[in-house]
Amino acid sequence: MKIEKIQVLRGPNIWSISRKKLIQMRLNLEELEHSPTNTIDGFYERLKELLPSMYSHRCSPGVPGGFFQRVEQGTWMGHVIEHIALEIQTLAGMNTGYGRTRETKTPGTYNVVFNYLEENVGVFAASAAVKIAEALIAGTPYDLEKDIQQMREIRESSRLGPSTGSIVEEAISRDIPWIRLNKQSLVQLGYGKNQVRIRATMTEKTSSIAVDLAGNKEETKRILQEQAIPVAKGMTITSAEQVKEAIRTVGFPLVFKPLDGNHGRGATINVKTEEEAVSAFEHAAKVSRRVIVEKFVTGYDFRVLVIDNKMVAAALRVPANVKGNGVSTIQQLIDQENTDPRRGYGHENVLTNISVDRDTLDLLNKLDYTLQTVPAAEEIVYLKSTANLSTGGTSIDVTDQVHPENVFICERISRIIGLDICGIDIMADNLTEPLTENGGVILEVNAAPGFRMHIAPSEGLPRNVAGSVVDMLYPYGKSARIPIIATTGTNGKTTTTRLIAHIVKNNGWRVGFTTSDGIYVQNSLLLKGDTTGPVSTEFILKDPTVEFAVLETARGGILRSGLGFGQCDIGVVTNIQEDHLGLSDIHTLDDLMRVKSVVIDSVKKNGWGVLNADNEYCVKIGKQARCFVAYFSMDENNPVIKAHCQKGGIACVYENGYITIKKGDWKIRVQRASQVPITFGGTVPFMIENVLAATLATYLWGFKTEDIKTSLQTFVPSATQTPGRMNIFNFKEFKFMVDFAHNPNGYTGIKEFLSHIDSPQKIGLISGTGDRRDEDLRELGRIAATMFDHILLRQENHTRGRTKENIIGLMIEGMQEVNPDLPYAVLGSDTDPIAYAISLAKPGAFITTLSDAVDNAVEIVQNFQEKERLG
């Protein structure tokens, strides 16, 4: 077998709108295409032995063991690999269940699709599943546990931590979108101007001064003490020589901890001798140059969580420990405790495995114990000096037991330090009595406190503390989203996107939009290039200045990674024509329709799909849409329009020379098409179609027809407003047009426009695109031969696996089928194509360059224009 490609889909895609996190692996079975599982001796038995837990896979029989039935009866290896990839992720602690395996048009080659929780793990699972299947086929041993452990490690190195993850999950439950901004815990909730950022449990509302204060334990203690908050007696030292002074000043027993430490690193408790004190100082000094020495206060370790100055949870934290049985050694008891299904590697489960470190050995040494000591029955042996969950500790929820005075103290502390999310460590016998009465003290105040002990306590009621964070960031009435209009189709999507953005901008919104020529915010081009994929979409959605997003969404990005947004308000499909067929398993217009329909499927239920009623494939999409649908058409008598409007539907049509909104039986004429500059006096039908689509989309959003009319009148075709789209440059004796038409339908539109041009000489400078079918390239030649008197062929770029000679040769074949006597020339790289075309021009000539035949054609033609002006 051969893996030809592994793709990570991160948004709505052709396989699923709701399941956004999918791996798509293109797998060539090679000789195994002729060997279903029931023909491979022993395969079924070996699979059951290696992965017995796959019995839970129901597969098409729909019952436990259903997948094993399929394997026994005979199924193809791609299907098996799909299930293996799902199962090994589940065994590594990431429950997955969705998968699809479909044969492509290439015999023996399949798309194996399955979901993932962490994308790096998903990619690993794809490759590992193939290796496992190959080992099972060959009957060779396979170290499955090694793969599972590696997936756990990959997950831990790349996943969001439990605290950040809980906030993200809460946001998702409230339909708040999110974007991960780095490989750590920096996350954006919401889009555009309505975004907020979090990092772990710090938010953009978190005061940097407060974080600095909380990070300086000495300063925190001083400020709290000044405000009559009970704190432990102590001092800060920086050298071993100061240890004796600390002992005299504070008195045994002592606690040593690094000033800048966290998670209990470098801490030593219950220090009772000078020798222990020196050792404890040296241990803490490895973490921080300055070391806090405090009175060791006996009692229990509590953590109180305050969010937005309100106490939301409290937990009793218990250090990692084991209970003796009079038989097992401490090491054996640790190993046994780590088999608890609630424990796991890193943060994969409620509890973390207990590890043995210096802190563990020091505590045992104080008891004159070793790991081989056998504790008495029921004896509790503590293995860590702090109760952090990350070191194996446990937590018990005590939120409902906190005395009102202690609630007041904790909420006051959050205001004194200034933290919006505040973790307060307390040592006391209990929290049911006021600290002022039971002698309890505040040990620390923590910025970015962990949530795991509250959202998944070992005992007691879980608390949805993440909900309090989201309540703070998005109080009632505050939106997390910005409006999104997404445009797709074969032709016209860039112009339609630009026109929609123009209308939105003219109505007072700060608009960000993506097109095939660049990313724009308001009037500024921020990135140049083909920016119609999910990365460009995220660029706009990450921009905090953007109030409204208009996104051109191309086929390639959808197939490569899925959409860059979860849902949009309005989706537009301009048309579905033959283009890009034969690429990425898209061979027919039905295949292409399935890709384009992803945009309409992503429209929210009360949003609108705007579709071309003159295109049968758009009409098919409309019949399957789960949102509201509106149609546009060049013919108000189109049967689809008539039936739609009879039911009270909304449409936009070209009637009697007008751009007209129809709803039921009434009409609103928005503007005469000839008065819309982009239609060139109403002579370019495909531009009128673009105007219909943009008018309908913006009308459905809620813009007034008079405001849309004004915007249509001010959208002038030019190198600025519509770069590469029918840009016409006037010279003294000829005209030069630059257009990006690159497929037969686009060529036909240009041909129709040129039929209205009165010129004694029409020169075409054209090229092809290498990833099109042979017949598509010939068809470009045929159409070009009907609209030009003289053709120049130039292939600078876009060969995409072909030779320049092959592309040009196919186009010439098409030209000669139509007009064998048509004059043409093939221009080499040493010829300036635009200068050559201009040299051929007679008075009144009209030169057209199409399909990126010349890089930076607009700029080059403008330079020629400037030279002519200067003489």
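## Stop one: an open sheet

Select Leu 765 and you will find Leu 792 of E36 standing opposite. Before going further, some housekeeping: this is a predicted model, in which local features need pLDDT of at least 70 and side-chain atom pairs count only at pLDDT 80 or more, while totals for chains, interfaces and linings use all residues. Residues are numbered from 1 along each chain as its sequence is written, and side-chain values use heavy atoms, with hydrogens and water left out.

Helices (H or I, at least four residues) and strands (E, at least two) are DSSP runs, numbered from the N terminus. Two strands pair if DSSP finds at least two bridges between them.

Now select strand E35 (residues 762-766) and strand E36 (residues 790-793): they run parallel and are joined by four bridges. Widen the view to the open sheet, whose six strands come in the order E33-E34-E38-E35-E36-E37 with mixed pairing. At its edges are strand E33 (727-730) and strand E37 (824-826), each pairing on one side only. From one strand to the next, the twist averages 15°; angles run from 0 to 180 degrees between N-to-C directions, and axes are lines fitted to C-alpha atoms, for helices over the stretch in contact.

Next, select strand E26 (residues 548-552). Is this strand enclosed or open to the outside? Five of its five residues are buried, so E26 is largely enclosed by the rest of the structure. Here buried means under 20% relative accessible area, exposed over 50%, and partly exposed in between (1.4 Å probe, protein chains only). Phe 548, Val 550 and Glu 552 cover one side, Ala 549 and Leu 551 the other, and all are buried.

Which strands pair with E26? Strand E22 (residues 484-488) pairs with E26 in the parallel sense over four bridges, with Thr 487 opposite Glu 552. E23 also runs parallel to E26, joined by four bridges, and there Phe 513 stands opposite Val 550.

## Stop three: aromatic rings

Rings of Phe, Tyr and Trp (its six-membered ring) pair if their centres lie within 6.5 Å; planes under 30 degrees apart count as stacked, over 60 as edge-to-face and the rest as tilted. By this rule there are 11 aromatic pairs. The rings of Trp 509 and Phe 548 have centres 5.3 Å apart and planes at 85°, so this pair is edge-to-face. Trp 509 sits in the loop between helix H17 (493-506) and strand E23 (511-515), 39 residues from Phe 548. Phe 548 is buried at 0% relative accessibility, whereas Trp 509 is partly exposed at 26%.

Now jump to Phe 680 and Phe 753: their ring centres are 5.3 Å apart and their planes at 55°, so the pair is tilted. Phe 753 belongs to helix H25 (residues 744-754), 73 residues from Phe 680, and is buried with a relative accessible area of 4%.

Most residues other than glycine have a negative phi, and most peptide bonds are trans. Keep Phe 680 selected: its phi is positive, near 55°. Phe 680 lies in the loop between strand E32 (666-672) and helix H23 (685-701).

Go to Asp 368, which has a positive phi of about 60°. It is in the loop between helix H12 (358-366) and strand E18 (380-382), and is exposed at 69% relative accessibility.

Then select Phe 252 and Pro 253, joined by a cis peptide bond with omega near -10°. Pro 253 is in the loop between helix H9 (243-250) and strand E10 (254-258).

## Last stop: two packed helices

Finish with helix H6 (residues 162-173) and helix H16 (residues 465-473), which pack at about 65° with their axes 8 Å apart.
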